[in-house]
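This report is meant for someone meeting the structure for the first time. Please look over the sequence and the model before reading on.

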Amino acid sequence: EPSYADMASLVVWCMAVGISYVSVYDHNGIFKRNNSRLMDEILKQQQELLGLDCSKYTMEFANQEKADQVLNCQSTLKVLSPEDGKADIIKAAQNFCQLVAQQQRTYTDLDVNELDNLLSSTNGFPDPDLVLKFGPVDSTLGFLPWHIRLTEIISLPSHQNISYEDFFSALHRYAACEQRWGK
């Protein structure tokens, strides 16, 4: 059962420590379908957890079409579900086909780097550096492999009743990681 209050706390903690891009992904799409409920809870938690300091932080809700849903902050939140990656692939393929049709590219130009560039240009959101995975299943559950190829994945038992200490401990584990870039 998803806990909107606990997920909102995690998002607000990310804002407080200066994390610029935050993605909330669940393989059932529950948070995405109930995006407004999650946003309301984030606004509430922002007031409760940050209090008067709240004005220093801004959160842009990337899924919202209304510009008035932007608070005064430096973080961008995107709520994702498995369908999002499929749309990115389709859009990247369409963009490449359009370039071929305009004779700006040939079909032989398509390689890993070109696909990576096309996928990056479709969402404007950087690939995650850290994934906090909640639950007992050791799986990415549909998170696209090329988005997380360089991502550190830290498993936690649950997002429910997560404490700031659990969150901060995960950040410390991430900070201690050494990325070897395939070496």
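A residue is called buried when its relative accessible area is under 20%, exposed when it is over 50%, and partly exposed in between, with a 1.4 Å probe and protein chains only. The model is predicted, so local features are given only at pLDDT of at least 70 and side-chain atom pairs only at pLDDT 80 or more, while totals for chains, interfaces and linings use all residues. Residues are numbered from 1 along each chain as its sequence is written, and side-chain values use heavy atoms, with hydrogens and water left out.

**Aromatic rings**

Rings of Phe, Tyr and Trp (for Trp, its six-membered ring) count as a pair if their centres lie within 6.5 Å, and the pair is stacked when the planes are under 30 degrees apart, edge-to-face when they are over 60 and tilted for the rest. By this rule the structure has 5 aromatic pairs. One of them joins tyrosine 164 to phenylalanine 167, a tilted pair with 5.9 Å from centre to centre and 45° between the planes. Both residues belong to helix α6 (residues 164-175), where they are 3 residues apart, about one turn of the helix; helices (H or I, at least four residues) and strands (E, at least two) are DSSP runs numbered from the N terminus. Tyrosine 164 is partly exposed, at a relative accessible area of 33%, whereas phenylalanine 167 is buried, at 2%.

Tyrosine 164 also pairs with phenylalanine 168, and this pair is stacked, with 5.7 Å between the centres and 25° between the planes. Tyrosine 164 and phenylalanine 168 are 4 residues apart in helix α6, which means that about one helical turn separates them. Phenylalanine 168 counts as partly exposed, because its relative accessibility is 35%. Ring pairs link Trp13, Tyr164, Phe167 and Phe168 into a cluster.

**Salt bridges**

The structure holds 3 salt bridges, a salt bridge being a side-chain nitrogen of Lys or Arg within 4 Å of a carboxyl oxygen of Asp or Glu.

| Residue with N | Residue with O | N to O distance |
|---|---|---|
| lysine 44 | glutamate 41 | 3.9 Å |
| arginine 105 | glutamate 114 | 3.2 Å |
| lysine 133 | aspartate 138 | 3.9 Å |

Lysine 44 and glutamate 41 are 3 residues apart in helix α3 (residues 35-50), so about one helical turn lies between them. Of these two partners, lysine 44 is partly exposed, with a relative accessible area of 43%, while glutamate 41 is buried at 14%.

**The largest pocket**

On a 1 Å grid over the protein atoms alone, a cavity is a set of points where a 1.4 Å probe fits but cannot get out, a pocket is an open set with protein on both sides within 12 Å along at least five of seven lines, and lining residues have an atom within 4 Å of a point. The largest pocket holds about 1300 Å³ of space, where grid points are joined across faces, edges and corners and the volume is the space filled by probe spheres set on the points. It is lined by 43 residues, and those closest to its centre are Ser23, Tyr25, Val131, Leu132 and Phe134. At least two lining residues come from each of α1 (4-16), β1 (21-25), α2 (30-33), β4 (130-134) and α6. The lining divides into 29 nonpolar, 9 polar and 5 charged residues, where Ala, Val, Leu, Ile, Met, Phe, Trp, Tyr, Cys and Pro count as nonpolar, Asp, Glu, Lys and Arg as charged, and the others, Gly among them, as polar.

**Two loop residues**

Glutamine 103 has a positive phi, near 60°, in a residue other than glycine. Glutamine 103 sits in the loop between α4 (82-101) and α5 (112-123), and is exposed, with a relative accessible area of 72%. Asparagine 161, which is not a glycine either, has a positive phi of about 60°; asparagine 161 is found in the loop between β5 (152-156) and α6 and is exposed at 69%.
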